[in-house]
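Welcome! Please take a look at the sequence and the 3D structure below, and then read on for a short tour.

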Amino acid sequence: MQQEQSIAFKTGMLSICLFILLGLLYLPPESVAQQESSVPPGTAIPDSIQLKPPIHIEVKDTPDDAGGSVTIRWEEQPVLENAVIQKYRILRASVENSVPGEFIFVGEATNRATVFSDGSTDDDSTYVYKVEAVYELKVDDTTVVTTTVQSSVSDEVSSSAQWFNFQRINVFVGVVLLSFFILYYIYQAQSGKKLFIRKIAGLEAVDEAVGRATEMGKKIFYIPGTQDMDNVQTIAGVTILGRVAEIAAQYDTWLEVPVSRSLVLVTAKEIVKEAYSKVGRPDAFREDQVHYLTDDQFGYAAGIDGMVVRERPATIFYMGAFYAESLILAETGNSIGAIQISGTAMPSQLPFFVAACDYTLIGEELFAASAYLSREPKLLGSLKGQDVGKALILISLLVGTILETFHIWQFSSLFKVIGE
Amino acid sequence: MEHVAVWIAAFLTLGIISFLYKDNPWYKLSEAIFVGISAGYWFVVLFWDNIYGKFWVGVFPPDVVDEAGNFVSHGVPDYALIVGAVLGVLMLARLLPGVGWISRWPLAFIVGCTSGLYLMNYFSSNIMRQVQGTIIPLFGIGYGASVYEIIGNIVIVGGTFAGLVYFFFSKEHRGAFGATAKVGIWVIMITFGASFGYTVMSRMSLLIGRIDFLFGDWLGLIK
């Protein structure tokens, strides 16, 4: 009896397996995908509506990136009568020992999209993906239901980082060109070739400004901006500080540098100390010449304003990156009659400096200042190389505008930068 | 307690504003409190953000737990952070007589890395994207631009061209080159004028914010 039951059970199981196998063989490959439905119970989907799952799923590591991303593509779905795709949902499963785990939702794409980037992958893992189309079905005039159809499982894929971003080859070429010009002119300058540099009024006035403080027996204030040493304007500011400190040391004029960042404090101290040593007056340097106030932008401005009105320096330099404190500082300096020389590359703050200071170094002039003041061949060569780069840009502007105006060629595409 | 805080804030706000009259003891007190408290505040913020938040948590990461608080795995320590910590400690070398020069190494590292890292970013944002944005068809796409748009396009291209000529340092600004540079500085100054007005208006909102605090939160005159 027991043996008969066992035979019957096995026969039943075999029949079920054969039935499933035949069903799978009968269906087209795309239909192997599951059809999950959120159709309300009792609502039948008309036979006339044949929902198609997304097909031709392609997965690959996103190219030219730092890893952690996989790109999934699928074919555009045909337009169906009475059924529209609302969106696509992207499902992902990790693969271990060639067996995919549970699929999880990683993001969704609009109904017109055929590509999705999954930026949450781990480079050490392997994944498979499924794309799920979310359909909105019009069953009859009053009933609209939502149902989903999943694609087949994609091939396995892993993300990885690339050493070189080929999409930004134009930036690379530009940097190489500019570097070549700079290095060439540095070589020329170091070989003894005289390089011309035009007069910059704000920098011509540095000697005069320091001299004025000396004559009046008053201090010089040097404000290197409110940003840290990871800002190129701050670096330019502290470089100019070196030259100002040299002149101040020669004239035996007290130079005071209040700073708002610890790294700027250390750097400025080193630079001022070195400048004093360079002109043979290391004994004249005092540690408290360069001192810290606060990291807070307006606290720093309030502190400097107080010092300016109390100590009434004859000359104030503002060289570096400034934000909203620029006018507060420059206006206070102006009110005590100090000669003020400013320099920044912050476009929004330059108008305030232009209005309140005697001389202003505008943008690029700030970066040219160190070459101008020191006349070192290396810096002059660099400046000349940059000018050649600017000349190339001017030519590009002219040629590009003509070509685009007359619709000959979209020249500006050469300068298109893809990605961040 | 909140009431006391509002009164202190109002007292200090008026103290800072009193500088508009002249330097006075009230301003000096407010300034000293502002500078002192902000320096202390930033010390605490930087300590918890960097020394604890980045270094300590990075090198000694906590265990990973699930939503129910059950242990999942041990955190993965990032030992590369120790390099940064060592460079930070080297900065303190300047406090020791005789080895102060060592503090120049981390400085050189910071300045060098800054230059290298930002080279590509600045080149793409300050040069490539600017040039791409400036090269435009003067008469519009398909010659469909209006007179105003054409004038605007000419100002963009011509203004950028002339402005760039002004920033040539290795050539004397004479003749046609000098005239173009002069047009460039005029364009820059007109831009500054417009920017000045715009920024002043935005600064008014800061003033309005403080007035709103004084007459609203403090005096209760603005409901």
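This is a predicted model: local features need pLDDT of at least 70, side-chain atom pairs count only at pLDDT 80 or more; totals for chains, interfaces and linings use all residues.

Strand 3 (residues 70-73) of chain A pairs with strand 7 of chain A over 4 bridges; pairing requires at least two DSSP bridges between two strands. Opposite A:Thr71 you will find A:Ser117, in strand 7 of chain A. Strands (E, at least two residues) and helices (H or I, at least four) are DSSP runs, numbered from the N terminus.

## Where chains A and B meet

Contact, meaning heavy atoms within 4.5 Å, links 74 residues of chain A with 61 residues of chain B.

The rule finds 4 salt bridges across this interface, each a side-chain nitrogen of Lys or Arg within 4 Å of a carboxyl oxygen of Asp or Glu. B:Asp23 forms a salt bridge with A:Arg310, and their closest N and O atoms are 2.9 Å apart.

## How to read the numbers

Residues are numbered from 1 along each chain as its sequence is written, while chains are lettered from A and ligands numbered from 1 in the order in which they are written. Local features need pLDDT of at least 70, side-chain atom pairs count only at pLDDT 80 or more, and totals for chains, interfaces and linings use all residues, while side-chain values use heavy atoms, leaving out hydrogens and water.
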